[in-house]
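Please look at the sequence and the model first, and then read the notes grouped by topic below.

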Amino acid sequence: PNDWVAQVVKGVHYMDALNNLRNPVVRRVDEHSPQWLLWLRDLPEHPCAVAAQMSDGNEDAENTNGNHSDIVELDGMILRVQRPKLSEAPSPPDSLEAWVQSTWQHPDGSVVVQDVLEYVGADGSTTVADFTSDPQRVEDFNSWSERWEIWAASERPARRVNQVFESLYSLYGMIQREADRVELVLGDGILGWWRPEASIYHPVILRRVELHFNADAPEFVISESDRDPELYTDLFSDMSDVDAKAMADCRRDFETGGFHPLGGPSTDAFLRRMVVLLSPRGALLRKGERVIQPDEPRIGRDPVLFVRRRTAGFAKAIEATLDDLGATEELSPALLRIIGVDVRTEISSIDPFEGCADESSDWAIPEDILLGKPANAEQ
């Protein structure tokens, strides 16, 4: 009956509100797990850090589905980080030992010498020496500083890759301990939008990924999982000025379009349509342009890896259920039981042996049907 449908819709909306109360919608990507967040743009250029990249748009323009052609494929790999070999800074020559400051030991430091030094003689007298007073000392400094600059230029990205490697090592341990509570996600299509209820800075296209560790290399590999990409429309769940029907149409387009967080032009086209549906003044930013906190929605391409709690499945299931209820008149027994209607009573009234053979047949129904194995009252 139609009133059953209305009651089921109210019941599902109640579950949605309860889920939002227990698991509030996260609207800023850095609120998922503040201690771990990796923007792919921050990866240094180094052979030990290789990431999949968005295409430059040279693929077939007629391709609007199956966005894997929009990605530079690396066998499903999103990111590979190996432990780099680190080296020590070249030591200054003995002639500079008393002159050079300790900032040379780190590649982000610098080579600095003191202009003058004061010496106290055996008789207690003080002698002031100028650094440039010894031509050989100046020549030693120039030669050593050139070698240091070459070392620092190659060592800086290696040190940053090593920091990423150690960060992934900590993340791997956390996921191993809490595999049933957290998951690693790749996101892109960063939506920036200042709202009175809450500011938004979060990717709208998400895909769950997996972190693998090879101790022999050693290296970490982040690869795609078997889960389909998802559209994070929970951001708009309590926004009355966002057209719910338009968002439902976006979800349907997303499910059939095969879009990916690292997709190219076809993903850009989808995000451009979506941001205009949010607001007539919404816009997709140019490649490389950062999203700030504008008064009108802006979406930018800026892939990010983050860790989130495994609670998104509830909201996604409720959202899909509400969409189905709006498109069908058939109700499943599970949904009917939410409002107290048990269809099993109707099924139990049907004779399960109706139409069976008569008693003269070899397949006649026995008078007493007994359990063939031990059973308890619950069974």
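Buried means under 20% relative accessible area, exposed means over 50%, and partly exposed lies in between (1.4 Å probe, protein chains only).

This is a predicted model, in which local features need pLDDT of at least 70 and side-chain atom pairs count only at pLDDT 80 or more, while totals for chains, interfaces and linings use all residues. Residues are numbered from 1 along each chain as its sequence is written, and side-chain values use heavy atoms, with hydrogens and water left out.

**Arginine 137 and its surroundings**

- Arginine 137 belongs to helix α2, residues 135–177; helices (H or I, at least four residues) and strands (E, at least two) are DSSP runs, numbered from the N terminus.
- Its side chain reaches the backbone oxygen of aspartate 130 at 2.9 Å and the backbone oxygen of phenylalanine 131 at 3.2 Å.
- Such a polar contact is a pair of N or O atoms within 3.5 Å; within protein, one must be able to donate a hydrogen and the other to accept it, and residues adjacent in sequence count only if both atoms are side-chain atoms.
- Phenylalanine 131 sits in the loop between β5 (126–130) and α2, and this residue counts as buried because its relative accessibility is 7%.
- Phenylalanine 131 and aspartate 115 are 16 residues apart along the chain, and their C-alpha atoms are separated by 5.3 Å.

**Salt bridges**

- Side chains of opposite charge can pair when their charged atoms come close.
- The structure holds 18 salt bridges.
- One of them joins glutamate 219 to arginine 80, with the closest N and O atoms 3.6 Å apart.
- This pair links distant parts of the chain, since glutamate 219 is in strand β8 (residues 219–224) and arginine 80 is in strand β3 (residues 77–82), 139 residues apart.
- Glutamate 219 is buried because its relative accessibility is 12%, whereas arginine 80, at 32%, is partly exposed.
- Arginine 301 and aspartate 268 meet through their side chains in a salt bridge of 2.5 Å, N to O.
- A salt bridge of 3.8 Å, N to O, is formed by the side chains of arginine 181 and glutamate 178.
- Arginine 181 counts as exposed at 53% relative accessibility, and glutamate 178 counts as partly exposed at 24%.
- Salt bridges also link Glu183, Arg208, Glu230 and Arg308 in a network.

**Buried strand residues**

- Aspartate 188 is in strand β6, residues 182–193, and is buried because its relative accessible area is 0%.
- The side chain of aspartate 188 reaches the backbone nitrogen of aspartate 302 at 2.6 Å.
- Valine 204 is in strand β7 and is buried, with a relative accessible area of 0%.
- Valine 204 and glycine 187 are 17 residues apart along the chain, with 7.1 Å between their C-alpha atoms.

**A cis peptide bond**

- Most residues other than glycine have a negative phi, and most peptide bonds are trans.
- The peptide bond from alanine 217 to proline 218 is cis, with omega near -15°.
- Proline 218 lies in the loop between β7 and β8 and counts as buried at 15% relative accessibility.
- Proline 218 and valine 81 are 8.9 Å apart in space, C-alpha to C-alpha, and 137 residues apart in sequence.

**A charged surface patch**

- Glu210, Asp226, Asp228 and Glu255 form a negative surface patch.
- Patches are made of residues with over 30% relative accessible area and no salt bridge, with like charges joined within 9 Å and nonpolar side chains (Val, Leu, Ile, Met, Phe, Trp, Tyr) within 5 Å.
- Glutamate 210 is found in strand β7, residues 200–214, and is partly exposed because its relative accessible area is 33%.

Technical notes:
Areas by Shrake-Rupley, 256 points an atom, 1.4 Å probe, with all protein chains shown as cover. Salt bridge = Lys/Arg side-chain N within 4 Å of Asp/Glu carboxyl O. Lys, Arg positive; Asp, Glu negative; His and termini not counted. Charge placed at Lys NZ, Arg CZ, Asp CG, Glu CD.
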